[in-house]
Every structure is written in C-alpha cells, then in structure tokens.
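Hi,

Could you take a look at this one when you have a moment? I've pasted it in just below.

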Amino acid sequence: MKKLDKAIVQSIVPKRKNTSYKGNYGKVLLIGGNESMGGAIILAALAAVYSGAGLVTVATAKSNHVSLHAQLPEAMVIDWDDKQQLKHQLKEASVIAVGPGMGTSNHSLQLLCFILAEITKEQRVLIDGSALTLMAKHNLTVVNDQTIFTPHLGEWERLSGLDPTKQNPILNQIKQKQLHATIVLKQHRTEIYFEEDSWQNQGGNPAMATGGMGDTLAGIIASLIAQLPDLKSGVLAGVFLHSYIGDQLAQKQYVVLPSQLIKQLPVTLKDFSTL
C-alpha cells in the first residue's frame, strides 16, 4: 500500500483564485439526521462548510432545522420528507453525501431508495453511517462510478462479508472492485481502496475515538471532492487532513472533539494550500 502523508497532501490543496466565487467550489447536499441523531448531520454540515464547499444544503428531519441554523447559518436546510424539494436539490447537487444519523428504520430505507433512484452518473456520491448498513442489508446499489463508501470495520464486514479478523489489503481490494466504489476503511491507520491502487493513512490517534468523528470525516471528504476536479485527490486530502488536525490537538488533549477539529479546518487548509 502507498503511504498517505503530509508531503502528498501539500501537493493537492490549491490556493483559491482571485476571480473565484461560491459556484466554483461545488454544491454539496448532505442527507441524514433523524429525530434522535441530528448531531451527526450537523457535524457533517459544519465540516463541509468549514472545509470550503461553495454551497451546502442539508436534508434532515424537521426537528433538526432550528439547531442546524443556530450553529450554521451558512447552510441551507430542507425537510427530508418534502420529496419535491428533495428531488430538486438532488438534481442541483454536484456532490451527494447520505447516511450520517439517518437511522435504519423503514422510513430511512424508503428515503435512501428514493435518493439512489435520483442520482446521476455525473454526480459524486458518498455513502456513510446508517446508509451503509441499509445498503448491505437490502442489497442496494448505486448506478455511479464516482461513489465512495466510508465504513468502519463493522460496516465493512456487513458490506463485504469479510470477518474483521480475516480482512486484509488483498481481500479488501477484491471487494472494492466488486462494489465498484472507492472504499475509505476507517480504523487506526485508515485504508483507502481505489480501483487502481490502495493507500494507508499515516495519521490518527486514540484521542479521536469519540462520537461524531466519522460524520466529520464524511463532511470533509464531501466538501473536498466538490472543490477538486480529481475525486481521488479530494478523498486523499480529506482523510489525511482529518487525522492531521486530530494529531495536532491530541498533543495537548486527552480527547479530541469533532467540533474542535472542525474549527481548525480553515487554518489548516490555508497552511496546506499551494500554487
């Protein structure tokens, strides 16, 4: 596996052009957050905005709207039960990220099926959290070759059928090709499987083992694949920067909160940007 480190990512993050505007940095639609897990989609939205996405829209349960706007007035929000409005936003988005805090109820399953039916081949798609469990359980597929799955080891077991004790880079790569999706396998040293190669992240630490960290990563990756022309670059940059900031904070903290990590994103991206 190739090693993902700071030198690689410093060559990826570009400086912003003087003549740019919000339309140059992508339209991200985040879908998730049921009545009891609204924090997950809020963290993903915060991460997407703080990572520089041009426009961020959140489709979530109506009970989360006030909390989202209170924490993030920069994002738009719609009721995920309003199918007409959701269909419009799905059509407009350049990146669709679905799953954080979505839950696995029958309502969530119906919503996910509706979303998958609307996705086009031109869009970039990230599937995370609850949506991964639903896809594995119900054998759902995405008709798109720009799809990213972001499972932890348990979710990967459900998706791949591989017991965690038997997972290895060779078998993981075989399953990646069968799924026709980029795999971001979250663990102590996160592994990333593309069609043509695989990478091992060199960052990360146990202080990051706290609720919401995966939702934050989903938002960062969604934001960067919306901004960068190359999907692979966006994934690599997102995975490394997430762990890099966590490592910096962990030098002085016993635990790193996702909200703390998110606040460091604009400064860190500025430091990493190149010509």
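Here are my notes on its salt bridges.

It's a predicted model, so to speak of provenance: local features need pLDDT of at least 70, side-chain atom pairs count only at pLDDT 80 or more, and totals for chains, interfaces and linings use all residues. Residues are numbered from 1 along each chain as its sequence is written, and side-chain values use heavy atoms, with hydrogens and water left out.

Searching the whole structure turns up six salt bridges (a side-chain nitrogen of Lys or Arg within 4 Å of a carboxyl oxygen of Asp or Glu). One of them pairs K2 with D197, with 3.1 Å between the closest N and O atoms. That joins distant parts of the chain, 195 residues apart: K2 is in strand β1 (residues 2-4), D197 in the loop between β9 (191-193) and β10 (198-201). Helices (H or I, at least four residues) and strands (E, at least two) are DSSP runs, numbered from the N terminus. K2 is partly exposed at 43% relative accessibility, while D197 is buried at 11%; buried means under 20% relative accessible area, exposed over 50%, partly exposed in between (1.4 Å probe, protein chains only). K2 and D197 also belong to a salt-bridge network with E196 and K232.

Then there's K186 with D128, at 3.3 Å between the closest N and O. Both ends are in loops, 58 residues apart: K186 between β8 (182-185) and β9, D128 between β6 (124-127) and α6 (130-138). K186 counts as buried at 17%, and D128 is buried at 2%.

Cheers
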